[in-house]
Amino acid sequence: MRALRLCLISLTMALPGPLRAQDRPLPKATPGAEVRYFTSIDGLMEGNADVILKETRQGKTVTGAVLDVCYPAEKGSSRKDRFVANLAVNGSTLTGSTQSIADKLPVTVKLTRKPTGDTFEFGGRISVGQKVTDVTSTDNSDLSEAEFNDARMTDDGISASPKDFTEVSPEAIAVKVKIDAAIDLLKSLREQNVEVLLNSLEVTCEALRAGAQVIDINVDPERAPSLLARLKATPGVVAAGWSAGMFDMERTIRFPAAEWRDKGKLNRDKLATAISGVLEKALNAKPASAKWSDNTGKLTLTFKRPSVLVPALGLTDTIKVTALPGPDRPDESDHIMLWVGAPSTSTADETDGPRLGLTDDLSADDGESNETNDSGTLDALAKQFKAQRWDVDKSAWK
């Protein structure tokens with residue numbers, strides 16, 4: 001399950017400009033030629049570079065080389081720049097010049113290459129703009145083309161038409177978009193009442209090389225199909241569909257939808273009241289608030305109860321439980337899946353007059369911590385809704 005980051009963000013950050021192909025095709029290999037790859041050369045860009053050196057060899061002689069380097073555009077920045085340089089081969093020396101793709105900085109490369117048994121040593125100098133890197137890299141192993149392709153294969157995690165929501169989540173949308181179209185797409189999402197996962201704005205080296213990035217979006221499951229239709233029609237979109245999200249099947253129940261829908265839409269008030277009533281008994285706490293997110297369709301319930309930590313102080317436990325309902329499959333769903341998070345508890349002094357300030361030094365959540373168990377909340381909800389639970393061993397509802 002993806003870690004949840006639920007912060008609606010202003011989408012104004014600059015992404016790298018459009019990817020322009022810098023690779024000039026190498027001459028066709030003559031019979032007996034072999035392509036080999038190096039996927040790391042130590043020391044480039046203070047050790048933060050993602051490096052691919054592609055060599056074409058005739059026997060043990062290198063006849064052509066391409067150096068592809070992706071690196072942080074500024075120190076400590078997640079923004080990436082990249083250059084691709086075709087290198088001239090003169091014995092053990094590889095030289096070339098080019099321009100970085102995003103920042104248009106001049107690049108010069110001069111490397112020496114030395115076989116050392118089964119590995120290789122590289123030395124020399126690479127300059128990008130005013131920054132010069134001295135290269136000293138030993139013990140470098142090369143890969144065949146098949147090994148290189150296997151190692152670089154990635155799954156974008158997008159399911160365009162899942163049969164149900166047991167492996168992907170009804171609220172989690174992913175869109176793969178060409179880099180030069182990403183800004184316009186992100187701007188268009190400002191009007192869609194969605195949450196964009198912040199880390200998906202980073203253009204990775206893999207995305208730069210592919211020319212497209214995957215942007216992750218959380219949306220109310222009831223609006224997900226219409227958002228997907230809009231995204232698929234957006235210029236520059238390569239693929240769009242559902243992806244892994246909040247729904248952990250071990251904390252999800254499934255029950256018939258008819259009773260909880262009104263004219264085809266989820267009756268939020270009725271469902272929230274029913275969930276709150278069950279949790280009130282399971283947690284032995286009084287309901288304090290219930291709030292639905294218009295962006296994601298997530299329900300946040302708050303309860304309060306006297307703390308048993310130091311009864312004489314009259315402290316108060318505040319318990320938060322989040323839940324998210326959604327259809328059990330994309331099309332013609334007649335069941336609702338309900339994911340319920342583990343309760344989290346914070347303790348504070350809410351007495352009249354002067355109050356004792358409390359903090360939890362062992363917690364990174366400012367005094368808030370998960371219960372050691374869920375106080376039977378999930379079992380109680382399953383019983384009340386006459387719901388099915390997920391059988392992990394059989395990968396089926398039971």
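Where is the place of V66? V66 sits in strand β3. A word on what you are looking at: this is a predicted model, in which local features need pLDDT of at least 70 and side-chain atom pairs count only at pLDDT 80 or more, while totals for chains, interfaces and linings use all residues. Residues are numbered from 1 along each chain as its sequence is written, and side-chain values use heavy atoms, with hydrogens and water left out.

Strands here are DSSP runs of E with at least two residues, helices are runs of H or I with at least four, and both are numbered from the N terminus. Back to V66: its relative accessibility is 9%, so it counts as buried. Buried means under 20% relative accessible area, exposed means over 50%, and partly exposed is in between, with a 1.4 Å probe and protein chains only. From V66 to T56 is ten residues in sequence and 8.9 Å in space, C-alpha to C-alpha.

Now the sheet around β3. Strands of a sheet pair through backbone hydrogen bonds, either parallel or antiparallel. Two strands count as paired if DSSP finds at least two bridges between them. The sheet is open, has nine strands in the order β8-β7-β6-β5-β4-β3-β2-β1-β9, and its pairing is antiparallel. At the edges stand β8 (131-140) and β9 (143-144), each with a single partner strand, so one side of each has no neighbour in the sheet. Strand β3, residues 61-72, runs antiparallel to β4, residues 80-90, and eight bridges join them. L67 has A85 in β4 as its bridge partner.

How many disulfides does a search of the whole structure find? One. C70 and C205 form it, with their sulfur atoms 2.1 Å apart. The angle about the S-S bond is -85°, and the link is left-handed. It joins distant parts of the chain, 135 residues apart: C70 is in strand β3, and C205 is in helix α3, residues 205-210. Both C70 and C205 are buried.

Next, strand β14, residues 252-256. Four of its five residues are buried, so β14 is largely enclosed by the rest of the structure. It pairs antiparallel with β20, residues 335-340, over five bridges, and P256 stands opposite H335 there. β14 also pairs antiparallel with β23, residues 388-391, over two bridges; in that pairing R254 stands opposite Q388.

R251 is in the loop between β13 (237-242) and β14. Is R251 buried or exposed? Its relative accessibility is 18%, so R251 counts as buried. A polar atom of the R251 side chain lies 2.7 Å from the backbone oxygen of V340. Contact means heavy atoms within 4.5 Å. Leaving out residues up to four places away in sequence, R251 touches several residues, including L338, W339, D374 and T377.

Last, the cores. A nonpolar core is a set of buried Ala, Val, Leu, Ile, Met, Phe, Trp, Tyr and Cys residues joined through side-chain atoms within 4.5 Å. The largest has 30 residues, and I173, L189, I217 and L231 have the most contacts inside it. Elements that each supply at least two residues to this core include β10 (172-178), β13 and β20. Helix α4 gives the most, with four residues. Another core, of 27 residues, lies apart from it; A272, L338, A382 and A387 are among its members.

Notes
Disulfide = S-S within 2.5 Å. Polar contact = N/O pair within 3.5 Å; in protein donor to acceptor, adjacent residues only side chain to side chain.
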